[in-house]
Amino acid sequence: MGFVRIAGLIERGREHSKCLVAPLPIILLSPGARPPTESSLDVAECDLIRKIRKRGTILFADGAKSWRKAAESSGLHFE
């Protein structure tokens, strides 16, 4: 089974929020397997962190640890 994956960031707290998306590599897994989380390499290669404003930005993730690493290496606050 192939998982088509998309990484995304959405701005919170505004009426007209911005949304950034980027494709991630397709991963082949056996049927019934859990969907894969983003690796540090996936997050780095999708380049979404570079496209957001740094000042006053806090990054909230869905649980994938790779986003924390990317945020901290870019000087963003992570929660």
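Guide: Ile-58 counts as partly exposed because its relative accessibility is 39%, a value that lies between the limits of 20% for buried and 50% for exposed. The model in which this value was computed is a predicted one.

In the secondary structure, Ile-58 belongs to strand S3, which covers residues 58-59. Once the neighbours within four places in sequence are set aside, the contacts of Ile-58 are with His-77 and Glu-79. Another isoleucine, Ile-26, is 32 residues away from Ile-58 along the chain, and the C-alpha atoms of the two are separated by 28 Å.

The wider setting is as follows. Strand S3, the place of Ile-58, is part of a protein with two helices and four strands, and the order of these elements along the sequence is β-β-α-β-α-β. Along the principal axes, the C-alpha atoms fill a box of roughly 40 × 30 × 20 Å. Of the contacts between residues at least 6 apart in sequence, 47% join residues at least 24 apart.

As for the surface, 27% of the 79 residues count as buried, whereas Ile-58 is partly exposed. The protein exposes about 6000 Å², of which carbon and sulfur atoms supply 55%. Its charged side chains comprise 13 positive and 9 negative ones, and 3 Å separates the centres of these two sets.

Conventions:
Residues are numbered from 1 along each chain as its sequence is written. This is a predicted model: local features need pLDDT of at least 70, side-chain atom pairs count only at pLDDT 80 or more; totals for chains, interfaces and linings use all residues. Side-chain values use heavy atoms; hydrogens and water are left out. Buried means under 20% relative accessible area, exposed over 50%, partly exposed in between (1.4 Å probe, protein chains only). Contact means heavy atoms within 4.5 Å. Accessible areas come from the Shrake-Rupley method with a 1.4 Å probe; for residues, only the protein chains shown count as cover. Lys and Arg count as positive and Asp and Glu as negative; His and the chain ends are not counted. The place of a charge is taken as NZ of Lys, CZ of Arg, CG of Asp or CD of Glu.
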